Amino acid sequence: MNEIFFLKPSENEVGKKVLKKILEIINNSKQVLFCISYFTHLGIADAIINRIKQKKRTFIIVNSHDILRPDGPNKSTIHVSAALLKLFENLGDVYERNGKKFNQGYSDELENPVKIRLLGRDSKSDPLQSIMHHKFIVGDNKIVAFGSLNYTFSAFQNNFENICF
């Protein structure tokens, strides 16, 4: 199914419909790849945590600027949203139970189904100051959603955004 949604602040019903479709991908796919520039939505975090508890394959790529925010030359401050903190806490449980750490390299082992990676630069001293700005989700290598939409409450309720399924 091909659908395009344009969200705007005055039409919260569209945001609710898009959130429902994203949650369906998260909940119903055997394998999910997320690439998220900014992630603060607690409802999506809860859906991902359910995947973790079910040991479903989940690959998450997050913009490093969402965690390490440049404050000046060679200085960054760590900012972790409640959604990411909740996710990290649950990742630790999965790997502790399996005797592995959550920041271990990528693996295809079923006992280690959840991976998270940070992409982008984390310092203002870096002349490129690159950020990972992609926003997409892929379910079971057949369902794709992409657009300007970050996984934040504001993106679904308060911003002008777009997403294509």
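In what order do the 7 strands of the open sheet lie? In this predicted model, the order is β1-β9-β8-β7-β2-β3-β6, and the pairing is mixed. Colour the strands along that order to follow the tour.

**The sheet and its edges.** Select β1 (4–7) and β6 (114–119): these strands stand at the edges with a single partner strand each, so one side of each has no neighbour in the sheet. From one strand to the next, the twist averages 10°.

Next, display β1 together with β9, which pair in the antiparallel sense over 4 bridges. Select Phe6 to find one of these positions: its bridge partner in β9 is Asn162.

**The helices.** Select residues 12–28, helix α1, which lies across β1, β2 (31–36), β7 (136–139), β8 (143–147) and β9. Helix α1 runs at about 130° to β1. Then select residues 42–53, helix α2, which lies across β2, β3 (57–63) and β6 and runs at about 140° to β3.

**Glu161.** Return to β9 (residues 161–164) and select Glu161. Which residues does Glu161 touch, leaving aside those up to four places away in sequence? They are Phe5, Phe6, Leu7, Ser148, Leu149 and Ala155. Show the side chains of Glu161 and Ser148, which make a polar contact at 2.8 Å. The backbone nitrogen of Leu149 is 3.5 Å from a polar atom of the Glu161 side chain.

How values were computed. Residues are numbered from 1 along each chain as its sequence is written. This is a predicted model: local features need pLDDT of at least 70, side-chain atom pairs count only at pLDDT 80 or more; totals for chains, interfaces and linings use all residues. Side-chain values use heavy atoms; hydrogens and water are left out. Helices (H or I, at least four residues) and strands (E, at least two) are DSSP runs, numbered from the N terminus. A polar contact is a pair of N or O atoms within 3.5 Å; within protein, one must be able to donate a hydrogen and the other to accept it, and residues adjacent in sequence count only if both atoms are side-chain atoms. Contact means heavy atoms within 4.5 Å. Two strands pair if DSSP finds at least two bridges between them. Axes are lines fitted to C-alpha atoms, for helices over the stretch in contact, and angles run from 0 to 180 degrees between N-to-C directions.
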